[in-house]
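This report covers one structure, from chain architecture down to single residues. Please look over the sequence and the coordinates first.

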Amino acid sequence: MSSETANILEVEHLSKRFGGLVAVKDISFALKPGEILGLIGPNGSGKSTVMKLVMGIERPNTGKVVIDGTDVAGWPTAKIAHQGIGIVFQHSRPLHRQTVLENIKLALLPDSLLRLVADPSVEERARAIAKRVGLEAVLHRLPATLPFADLRRIEMAKALAREPKVVLVDEPFAGLTPREVADFSALIHGFREEGRAVLLVDHNVKSVAALVDRALAMYLGEQIAEGTAEQVTRNERVREVYMGGEIVSHARPELARKAGEALLHIDDLSVRYGKAQALHDVSLDVHEGEFVAVVGLNGAGKTTLFNAISGLLGYEGKINWHNGELSGRSVAQIARDGIVQCPETRELFGYMSVRENLELGGAHLEDSERIAQMAWLLGLFPVLQQRQRQAANTLSGGEQQMLAIARALMMKPRLLILDEPTLGLAPVILDQLSQALHKLRDTTPITVLLGEQNVTFALPHSDRIYVLEHGQIAWVGKPDAFGKEMGEAYL
Amino acid sequence: MTTFLKSRLLWLSLPALLIAALGPWWLSAYYLGVLTMAYFYGVFAMSWDLLFGYAGMVNFGPTFLIGLGAYGAALLNNYAGMPIIVCLLFGGFMSIIGGILLALPALKLRGAYFGLVTLVAVLLLQYVIVIFSAYTGGEIGMMTPDILSINASVNYEYALWFMVACAVLLVVLSRSSLGLILEATGQDPIAAAALGFNVAKHRLAAFCVSALLSGLAGGMMVFYSGTASVGTVIDISIGVQIIIAAVLGGRRTILGAMVGAIVILLADELLRPLGQLNIFVVSGITLAVIILFPSGLLGLFNRTKEGA
């Protein structure tokens with residue numbers, strides 16, 4: 001206990017087991033009013049579990065969660081909320097038939113079965129909160145018509161409405177543009193000024209470093225470092241966890257490009273979703289054997305581009321494959337013609353084993369061919385070899401991604417489209433994935449079109465890079481020129 | 001916007017209500033009888049929509065609640081000779097008890113597992129009634145000494161105004177603060193709990209309201225027809241018909257469920273000349289509507305309205 005102000009939240013020796021897995025092991029920290037703590041860790045480190053334990057969504061096996069002097073460990077979520085803890089979920093699920101204003105009003109209602117009509121002050125307060133988080137212009141719109149950032153604003157507004165003493169924010173900046181990140185940072189700063197304590201849960205220190213007073217780094221359920229953002233970044237254990245081995249370096253000797261036609265040639269491609277223009281006059285070439293990356297922030301249009309190529313979307317413009325135009329071919333036909341997409345959502349068959357997933361990918365191959373392909377892939381991704389009999393949904397995020405890529409490769413594609421393979425993966429896993437891609441690139445003649453938000457991941461593998469911004473190509477060039485010409489502007 | 005919706009609803013429903021209320025002056029006794037049944041089904045379907053559409057609970061056993069109310073009322077009438085109103089209230093009370101028993105697993109189980117529990121509850125109730133056939137009349141059914149009225153028009157008006165009362169109650173409830181909270185707990189219980197709402201409490205309350213209305217309607221139906229039988233108030237196929245009616249009318253609309261029930265029961269009668277084909281055709285049309293317009297008849301209506 002400090003002399004000036006008492007802690008508002010004290011977490012003491014918190015532990016949680018799921019079966020044999022220890023998800024959280026003896027975690028302790030404290031927060032004072034007006035303090036911001038970053039809870040940092042790669043996927044699977046247990047940081048989200050800690051958040052759930054504090055909120056009562058999961059019950060801890062041992063340990064205390066003390067809010068303002070009351071131990072609430074193991075209480076139901078609603079009671080913990082009444083004690084003064086609020087949470088901003090990463091994925092927003094607003095009520096879709098209700099307007100933004102009604103969604104905010106919901107959070108202001110008392111937990112009573114007898115109050116059929118909301119207090120008149122609720123409307124006024126809801127409007128004030130909406131204004132504060134920047135939703136005043138869209139009060140009467142339905143959530144489905146709003147951009148991603150506004151959906152997150154609704155979540156912020158709902159948490160704020162309960163006047164929590166402690167706010168838990170899960171991945172505050174995921175999927176936001178730099179301008180939106182600044183807005184949300186200002187909001188979180190506002191929490192501090194009102195004397196609320198804030199716990200930010202995120203993958204890495206960098207994204208929250210400017211905001212936090214202190215950071216606590218977790219790995220495999222345990223605390224590995226605590227201190228200022230700078231101290232944590234410099235901590236040797238943290239660097240080891242995040243950096244992994246040596247950074248792979250890259251540039252492939254200039255491809256002896258065949259003078260002829262490109263394998264895939266896209267000309268002035270435009271895609272609309274209703275009123276919204278998702279892609280605008282995008283032109284792009286991929287040559288045989290090339291590794292091309294399309295980088296851009298979430299919402300730039302990468303997935304739309306890939307879905308258009310795979311025949312999942314209608315479009316204007318031309319997409320030429322080596323054997324003619326693609327328009328008019330069915331999704332299945334395009335896949336059989338050799339364009340295989342590995343979607344960002346992975347789309348694995350969760351209850352089937354790793355091996356069964358792979359066999360399905362190679363279902364159209366001759367037996368001998370399939371066996372050979374599978375043996376090669378299990379060599380490429382040794383971790384899948386160990387996990388052959390395991391159900392796909394029991395794999396970690398990184399392993400699932402490798403399985404998704406391997407399954408796509410079972411189809412023996414001529415062009416492999418990888419959509420955001422790093423989505424939701426921790427840096428330590430990125431490194432393994434990176435090595436696998438590198439090996440794939442160097443040992444096979446495969447052609448790859450990679451879509452990535454994470455430039456540091458995409459850069460080392462690529463022969464050429466396209467930057468997609470708001471549905472348009474903003475820059476094309478070689479990876480070594482990217483840093484000079486594009487680097488700063490990208491983020 | 002809300003006031004606009006409400007006024008539009010009012011202007012559409014008032015004339016419809018007037019026409020319905022004058023039914024005895026322009027409908028044959030036969031169709032009065034059909035509509036009387038349809039109105040009871042309307043209450044069943046609306047009560048079901050409160051659970052499915054708002055609280056997010058798939059109750060495959062609406063007839064468990066209905067049957068408890070129906071048999072509760074019939075037994076009391078038979079063995080204690082209580083007046084109808086007392087029997088109805090007793091039946092409603094039985095349904096609430098049953099609703100709470102059914103809701104308890106709903107607080108722990110999710111989705112399909114809860115659905116299975118509700119299905120089993122119906123079968124259990126059916127077995128209990130058959131096993132104690134000495135008291136309940138078993139599969140043959142049980143006559144009640146009292147009936148609502150021997151006049152078809154009076155029965156019709158009872159059923160109509162009972163349904164209207166239930167509809168007003170459920171619509172007001174679903175559009176109140178309580179309805180908003182219920183919808184939130186139905187859609188994402190964890191997020192609702194994190195906003196400080198006691199999910200169990202709200203679910204239980206929804207179950208009690210749904211059970212009470214279902215049970216009262218079940219009891220009314222017994223006193224209308226003068227018998228309580230497994231085939232008319234408990235059988236799984238009755239439950240299926242209620243669910244289809246609610247989905248056909250439009251999930252999360254309350255009134256849609258009522259419209260769906262009336263449409264289905266009327267279609268069933270109008271197509272009776274088709275003989276065996278009748279059920280086949282009604283099911284086919286329903287299936288087509290559900291596939292083509294997943295938001296149901298009222299959802300379709302709402303869409304054209306929003307487009308305007």
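The model discussed here is predicted. In chain B, helix α8 (residues 152-175) packs on α11(B) at about 175 degrees. The two axes lie 11 Å apart. The angle is over 145 degrees, so α8(B) and α11(B) are roughly antiparallel to each other.

Which residues bring these helices together? From α8(B) come B:Asn155, B:Ala159, B:Phe162, B:Cys166 and B:Leu173. They meet B:Val209, B:Leu213, B:Met220 and B:Tyr224 of α11(B). By class, this contact has 8 nonpolar residues, 1 polar residue and no charged ones.

The crossing of α5(B) past α11(B) is right-handed. Its residues divide into 19 nonpolar, 10 polar and 1 charged.

## Chain B as a whole

Chain B holds 16 helices and 2 strands. Its radius of gyration is 19 Å, close to the 19 Å from the globule rule for 308 residues, so chain B is as compact as a globular protein of that length. Along the principal axes, the C-alpha atoms fill a box of roughly 50 × 45 × 35 Å.

How much of chain B counts as buried? The share is 49% of its 308 residues. Among contacts in chain B with a separation of 6 or more, 77% join residues 24 or more positions apart.

## Where chain B touches chain A

Chain B gives 21 residues to the contact, and chain A gives 24. On the side of chain B, the elements with two or more residues in it are α9 (177-187), α10 (189-194) and α11. The largest share comes from α9(B), with 7 residues. This side of chain B divides into 13 nonpolar, 5 polar and 3 charged residues.

A:His13 is not a glycine, yet its phi is positive, about 45 degrees. It sits in strand β1 (residues 9-18) of chain A. Is A:His13 buried or exposed? It has 12 C-beta neighbours inside 10 Å, and therefore counts as exposed.

B:Ile254 is not a glycine either, and its phi is positive at about 60 degrees. This residue lies in the loop between α13 (236-249) and α14 (255-270) of chain B. With 28 other C-beta atoms within 10 Å, B:Ile254 is buried.

## An exposed loop residue in chain A

A:Ala363 belongs to the loop between α12 (354-361) and α13 (367-380) of chain A. It is exposed, with 9 other C-beta atoms within 10 Å. How far is A:Ala363 from A:Asn61, in sequence and in space? The two are 302 residues apart in sequence. Their C-alpha atoms are 45 Å apart.

Definitions and conventions. Residues numbered from 1 in each chain as written. Chains lettered and ligands numbered in written order. Predicted model: local features only at pLDDT ≥ 70, side-chain atom pairs only at ≥ 80, totals over all residues. Left-handed = near helix turned anticlockwise from the far one by under 90°. Helix = DSSP H or I, 4+ residues; strand = E, 2+ residues; numbered from the N terminus. Nonpolar A, V, L, I, M, F, W, Y, C, P; charged D, E, K, R; others polar. Axes fitted to C-alpha atoms, helices over the stretch in contact; angles between N-to-C directions. Parallel < 35°, antiparallel > 145°, perpendicular 65-115°, else oblique. Contact = placed C-beta atoms within 7 Å. Rg over C-alpha atoms; globule rule 2.2 N^0.38 Å. Buried ≥ 20, exposed ≤ 12 C-beta atoms within 10 Å, placed from the backbone.
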